[in-house]
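Colleague: I would like to learn how to read a structure like this one. Where do we start?

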Amino acid sequence: MERSKNQKVRYWLLVCGILNVVFYLLHDVIGARFYPGYNWMAQAVSDLTATDAPSRLIASEFTKIHAIFSCVTCTLICISAKDLWKEASGKILRLGVYLFATMHWISAIGYSLFPLTGSGYDGSFQSFVHVYVITVLVVLLSIVSLILIAVGGFKSGNKVLAWCALAAFLLMFAGAAGSGLVPRQYFGIPERFSTYSAVCFTAVISVIAYLKLRKMEK
């Protein structure tokens, strides 16, 4: 019975982790097709779901599905965290995983309730919450969680996960820094380093968790 339960958890971890990336990519690619004149190299991916964006209707549906898959994945990983990283040195890693899951839930709920307008920050309450509450929390939790996962991973011997977390953190940092350094017509390129780093890391950690659970069952 326990083995059957673990197999179901493994299955959903793998499926949700991969579909999390697929639907985020679909929102970017298909959303751009419904936004006349959209230039992915110059514009942020969040422009596709802005309140006044022509692509909002279709793009936001894909992001909602992406959010569901990412939250389910991280929640399943949190439930299995004590089995996956039960060593004493894995406490830091587990804390990082819990914070990473919290980030996804805040992002999914917060950005859905408080979307930004296409013109950016307009001084409204909605824009204030989006920029100074949701975004700040998401960024801080992303940074702290990835650092904890990397440090905890190295300490507990989970080096593959640690290196992946470190890579995601560096890509996120490079994207944030690059967005302010590159010419305006190339803003969208480094901006995507930041957004896709967390999305892809979610898939990576789900695959790692899947493989470790599978190994534990043998």
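Modeller: Start with a term: contact means heavy atoms within 4.5 Å. Keep in mind that this is a predicted model.

Colleague: Which residues does Val-97 touch, not counting residues up to four places away in sequence?

Modeller: With those neighbours left out, Val-97 touches Ile-77, Cys-78, Trp-85, Ile-149 and Ile-205.

Colleague: And what does Ile-77 touch, under that rule about sequence?

Modeller: Beyond four places in sequence, Ile-77 touches Leu-13, Leu-84, Trp-85, Val-97, Ile-205, Ser-206 and Ala-209. Ile-77 lies in helix α2. From Ile-77 to Arg-94 there are 17 residues in sequence, and the two C-alpha atoms are 9.5 Å apart in space.

Colleague: Does Ile-77 count as buried or exposed?

Modeller: Buried means under 20% relative accessible area. Ile-77 has 1% relative accessibility, so Ile-77 counts as buried.

Colleague: How do I read a helix, then?

Modeller: An α-helix has 3.6 residues a turn, so residues three or four places apart point the same way. Now take α3. Its buried residues are Leu-93, Arg-94, Gly-96, Val-97, Phe-100, Ala-101, Met-103, His-104 and Gly-110.

Colleague: Which elements do the buried residues of α3 pack against?

Modeller: They pack against α2, α4, α5 and α6.

Colleague: What should the span of α3 be, at 1.5 Å a residue?

Modeller: Its 23 residues should span 33 Å, and because the end C-alpha atoms are 33 Å apart, the two values agree.

Colleague: Which residues touch the most other members in the largest nonpolar core?

Modeller: That core has 31 residues, and those with the most contacts to other members are Trp-85, Val-97, Leu-161 and Phe-201. At least two residues of this core come from each of α1, α2, α3, α4, α5 and α6. The largest share, seven residues, is that of α4. There is also a second, separate core of 10 residues, including Tyr-35, Leu-48, Ala-53 and Tyr-196.

Colleague: How is empty space found?

Modeller: Rolling a probe the size of a water molecule over the atoms shows where empty space is left. Here the largest pocket has a volume of about 1500 Å³.

Colleague: How many residues line the largest pocket, and which lie nearest its centre?

Modeller: The lining has 46 residues, with Tyr-24, Ser-46, Tyr-111, Glu-191 and Thr-195 nearest the centre. Two or more lining residues come from each of α1, α2, α3, α4, α5 and α6. By type, the lining divides into 21 nonpolar, 20 polar and five charged residues.

Conventions:
Residues are numbered from 1 along each chain as its sequence is written. This is a predicted model: local features need pLDDT of at least 70, side-chain atom pairs count only at pLDDT 80 or more; totals for chains, interfaces and linings use all residues. Side-chain values use heavy atoms; hydrogens and water are left out. On a 1 Å grid over the protein atoms alone, a cavity is a set of points where a 1.4 Å probe fits but cannot get out, and a pocket is an open set with protein on both sides within 12 Å along at least five of seven lines; lining residues have an atom within 4 Å of a point. Grid points are joined across faces, edges and corners, and a volume is the space filled by probe spheres set on the points. Helices (H or I, at least four residues) and strands (E, at least two) are DSSP runs, numbered from the N terminus. Ala, Val, Leu, Ile, Met, Phe, Trp, Tyr, Cys and Pro count as nonpolar, Asp, Glu, Lys and Arg as charged, and the others, Gly among them, as polar. The expected span of a helix is 1.5 Å times one less than its number of residues. Buried means under 20% relative accessible area, exposed over 50%, partly exposed in between (1.4 Å probe, protein chains only). A nonpolar core is a set of buried Ala, Val, Leu, Ile, Met, Phe, Trp, Tyr and Cys residues joined through side-chain atoms within 4.5 Å.
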